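Okay, thanks for making time, everyone.

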Amino acid sequence: MEQALRALRRGAARVVLGAGGHGPTRDICPPWGCRPLAAGPGPSPGAQLPAAASQGEAEAGGDARRPPRPRVGPDPRRQRGIEGCERGPRRAAGAGQEGWRWLGGEVPKARRRLEGLPVERTRGSEILFGIAPCAMALSQSRRDLFRLFLKEGAGAQRLVTSEFVLQASARGVPVHRVRRRELDALCRGRVHQGVCLEASPLRFKSLEEAEEPELGGEEGPNRQLVWLVLEQIQDPMNLGALLRSAYFLGVDRVVTSQRDSCPLTPTVSKASSGAMEVFDVYSTDDLRSFLKAKAAEGWEVLGTVSKPEEVENVPVISCSEFRWNKPIIIVIGNEGDGLSLETQLLCHRMLAIPPGRALHPGIESLNVSVATGILLHSICSQKLRQ
């Protein structure tokens, strides 16, 4: 018992010594965790003993009442204005590592360092992250651009960095070289690839802003056009993947419902690999009226379903059997519930993807972005052949 107490006291002494200014100090808690002491007269806030040591001394009936040793030298935590920290099992959002909760205002050191940059954060701006989204945003004129942040000492990315500097200079965008931890703070721990861009947000376009070339021209009503309509897609990763596939495979327009749908965020742009920066996305607040109007104009409305046996009153065919000779709209439903019943009843036909084997119960569907890519390839390849 006495040997265990001596070991714990030596560990406590080492912690106090390390925090007291006699050696390199880091914002790291001891293995047993730490908590701020109450304010008021007495020893420095950083001087504390581990809970296990205090408990052991109380049980031994000896030194439990002895005051803690005074700290020698300046208190680095007090100098930085931090009362203490608490380490917990939470993980930092998107960072994949153990999180830290700052009790003295909960402001990470990296974020405090960003406050010293020459220009303050522009009100209403957002932070794009990743090479492709930032490069596409710089090459277009769809956003207002405020600042470009590049990781200092890029090394292997020197060519990419120089291209970004040239693009930013051409647009008159200030460039700041910052450390990786500052970039992590800017994009909240997401994968930035050494590049962040402060810019104004992108908004959905209203259908009133859209041009209407669809049934004009020499081909008339037989012109092959395909629109993708999204009903309440809520996951930004799914929305970004959908936009990337739609852009790559030649979809003419993407329309999403305004209610309960994911907005056009930097995460969507990253998941789309920058396609969101060059591809207009429209929205409507009345999806059913929109589908009825397009059907009256001669468009064929195609729904999608993962379980054909659950569909009533609407014919279901395999996507490989579908042939088209008029403009079409493909309607994709929500990740969890699929198309609503009201939307299904507005469809002329439903498309399904036939599985390649007998499926185990519980693994009977595809991710919405993967399923949409398969459907679009099956349909758009007919357009390419003709």
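So, a search over the whole structure turns up 11 salt bridges. Keep in mind that this is a predicted model.

Let's begin with R142 and D280. Their side chains meet in a salt bridge, 2.9 Å from N to O. How accessible are they? R142 comes out at 30% relative accessibility, so it counts as partly exposed. D280 is at 25%, and that counts as partly exposed too.

D280 has another partner to look at. K205 also forms a salt bridge with D280, and here the closest N and O atoms are 3.4 Å apart. K205 belongs to strand β7, residues 205–206, and D280 to that loop between α9 and β10, so this pair ties together parts 75 residues apart in sequence. As for K205, its relative accessible area is 30%, so we call it partly exposed.

Next pair: E364 and K307. Their closest N and O atoms are 3.6 Å apart, and they form a salt bridge. Here both ends are in loops: E364 between β14 (349–352) and α12 (368–385), K307 between β11 (300–304) and β12 (316–318), so the bridge ties together parts 57 residues apart in sequence. On accessibility, E364 has 36% and counts as partly exposed, and K307 has 29% and counts as partly exposed as well.

There's also a network of salt bridges, and which residues does it link? Those are E126, R143 and E277.

Now the helix. In α5, which runs over residues 131–139, the buried residues are P133, C134, A135, A137 and L138. What covers the buried residues of α5? The cover includes the strands β3 (126–129), β4 (145–151) and β6 (195–199), along with helices α6 (158–171) and α9 (266–271).

Staying with β4 for a moment, that's where you'll find F146. Is F146 buried or partly exposed? With a relative accessible area of 25%, F146 is partly exposed. If we leave out residues up to four places away in sequence, F146 touches T122, S125, V173, P174, E198, A199 and S200. Take V173 from that set: F146 and V173 are 27 residues apart in sequence, yet their C-alphas are 6.0 Å apart in space.

Last stop is T284, over in strand β10. T284 has a relative accessible area of 9%, so it's buried. Again skipping residues up to four places away in sequence, T284 touches L207, V255, T256, S257, Q258 and F290. And for the polar side of things, a polar atom of the T284 side chain lies 3.2 Å from the backbone nitrogen of D286.

That's my tour. Happy to take questions.

Note on methods. Residues numbered from 1 in each chain as written. Predicted model: local features only at pLDDT ≥ 70, side-chain atom pairs only at ≥ 80, totals over all residues. Heavy atoms only, no water. Buried < 20%, exposed > 50% of the residue type's maximum accessible area, 1.4 Å probe, protein only. Helix = DSSP H or I, 4+ residues; strand = E, 2+ residues; numbered from the N terminus. Contact = heavy atoms within 4.5 Å. Salt bridge = Lys/Arg side-chain N within 4 Å of Asp/Glu carboxyl O. Polar contact = N/O pair within 3.5 Å; in protein donor to acceptor, adjacent residues only side chain to side chain.
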